[in-house]
Amino acid sequence: MVSVVRVHLPSDIPIVGCELTPYVLLRKPDKSVFSDDIPESNPVDGQFLRYKWYRIQSDKKVAVCSVHPTEQATLQCLGCIKAKLPVTKSYHCSPKCFSDAWQHHRALHDRAASAVNENGAEEDELFGRYNSSGSGVLSTGLPSSASSTNLSNGSTTVYPAQVTQRSGGETWFEVGRAKTYTPSADDIGHVLKLECVVVDAETKVSVGHPMTLTTSRVIPAPTPSPRRMISVSGADVMGNLDSDRVASVGNFTVLSYNILAEAYATSEAYSYCPSWALSWPYRRQNLLREIVGYRADIVCLQEVQYDHFDEFFAPELDKHGYQALYKRKTSEVTHTLDGCATFFRRDRFAHVKKYEVEFNKAAQSLTEAVVPSTQKKTALNRLVKDNVALIAVLEAKFGHQGVDNPGKRQLLCVANTHVNVQQDLKDVKLWQVHTLLKGLEKIAASADIPMLVCGDFNSTPGSASHTLLAFGKVEPMHLDLGVDPLGILRPHTKLVHHLPLVSAYSSFARGNGLEQQRRRMDPSINEPLFTNCTRDFIGTHDYIFYTADSLTVESLLELLDEDSLRKDTALPSPEWSSDHIALLAEFRCQPRNRR
């Protein structure tokens, strides 16, 4: 007889919208153990596993702290109710909690007061409209599912909800009959129980005793304050990023975001982030909600694991109208799991051509050409780092004509890359960036089209890599050029390119009425103070560059201030699920200035 040895969940804190999939260890009669599921459709030795999920609902109503969602709330901010903020943001677990969070909390009130549109109606929160079941609205009575005719959860077959039993002021509602269960808003504040039992396939009678486990109380998915798009002229704020807003014919938006691959999101690296907020089931839903909420026409993601691309991001973003392209990192050095993914809205762009840049291949070619045979192994050990770039040529479907030549196709070239992370390899970073730019120059010469260069360059403003991108050359006396053991950067006169690239976020430094955003910029270099914020590092590594002779920046996604992030120590956090922040720019095509 098959028996259940152990059942456990990756996290005992369930979150609304994040599926719970238990790990079940089974033992066969021959004492061997295995963890494969045994569905009723494919029994083993005439037996299968039956799962039942219950919501244990106490007669006592429970509110959850908005700052510490695992704690029960003891006080409520009436200012939030007056400002019509989501009720879950009004709860705190103690006076100290409320006091410590007041600076950030007051900003919510100020934001709500300013977020009233011309019709006098409050704007929807950026993230609130996607997956409304995860909006965290507190259940103040019996859940709606208790009185509804039937209930569905994910792929679970729809079946009548039923009260299993009542005892001691508690009611057990059966809420799921599949192995996986996704908590809903109805579950907030309640404990869940999973029952797993072996069942005889013929008689449908349980065999042996059921194995059960209970969770902590279900908490709402934390929702960060929405980030607004800000016109670089300072004349307008598009607070809700409404997809129905009227844009100029040639306008489009581009998002660049390092989403932090699951393989790198370890508790050792990010010990300050709660384990439930660091788990992939939670982070993937939070990231998806954020990405979809931005409604970008083009999305450039870095650190996307290949299995997550195939099984989650590609199919989920397909539902929102995006076509997907992907380039996995090469794996000559390590068994890399992640890569770069570019998505574009099918109703806005058509795919014309895809180029894949493998810096390993470029390293091998360079080594063969310029490195003495005695140094080839050393050179390859230094240069081969598995980084890649993904270049997509797209054709715009809006406008139906090129801005340079009426009747001509409007093409756009989008490069998405993730440059080597090792800070001591400044020569390798610069060589990778230079290699990418030389490839883009060839495309520009053959097609003469606007270009975008997006990604995580792992290079701070003022570094040689950033200088080459932003200014088209690197001065021979730049300190970074002192690190060149292979001589691959010489002669220094070759470190140039002729693309008229400008950093999109430098527009914040040039616009009028943008004092708040300027305070979040480094005035010496006109770049954000940070795009990457961990406990041990804060600085800018991510950029969106554009060719300024063919594109202009219309608006930018506002930057975050460090204080708002430090309340959770750093990134990632329950609100923001990557250690990087997303960058988003709106561009307008313009007639090319002939050089």
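Asparagine 360 counts as buried because its relative accessibility is 1%; buried means under 20% relative accessible area, exposed over 50%, and partly exposed in between, with a 1.4 Å probe and protein chains only. The model is predicted: local features need pLDDT of at least 70, side-chain atom pairs count only at pLDDT 80 or more, and totals for chains, interfaces and linings use all residues. Residues are numbered from 1 along each chain as its sequence is written, and side-chain values use heavy atoms, with hydrogens and water left out.

**Asparagine 360**
- Asparagine 360 sits in helix α8, residues 359–370. Helices (H or I, at least four residues) and strands (E, at least two) are DSSP runs, numbered from the N terminus.
- Its side chain makes a polar contact of 3.1 Å with the side chain of threonine 330. Such a contact is a pair of N or O atoms within 3.5 Å; within protein, one must be able to donate a hydrogen and the other to accept it, and residues adjacent in sequence count only if both atoms are side-chain atoms.
- The asparagine 360 side chain also reaches the backbone nitrogen of lysine 385, at 3.2 Å.
- Leaving out residues up to four places away in sequence, asparagine 360 touches Thr330, Glu332, Val384, Lys385 and Asp386. Contact means heavy atoms within 4.5 Å.

**Strand β14**
- Strand β14 spans residues 298–305, and eight of its eight residues are buried.
- β14 runs parallel to strand β13 (residues 251–258), joined by five bridges. Strands pair if DSSP finds at least two bridges between them.
- Leucine 301 in β14 stands opposite tyrosine 257.
- With strand β16 (residues 338–345), β14 pairs in the antiparallel sense over six bridges. Here cysteine 300 has threonine 342 in β16 as its bridge partner.

**Largest pocket**
- The lining of the largest pocket numbers 50 residues, with His104, Ser225, Ser564, Lys567 and Glu575 nearest its centre.
- α2 (95–100), α3 (102–114) and α14 (562–566) are the elements giving two or more residues to this lining. The largest share, nine residues, comes from α3.
- On a 1 Å grid over the protein atoms alone, a pocket is an open set of points where a 1.4 Å probe fits, with protein on both sides within 12 Å along at least five of seven lines; lining residues have an atom within 4 Å of a point.

**Whole protein**
- The protein has 14 helices and 28 strands.
- Of its 595 residues, 54% are buried.
- Among contacts between residues at least 6 apart in sequence, 73% join residues at least 24 apart.
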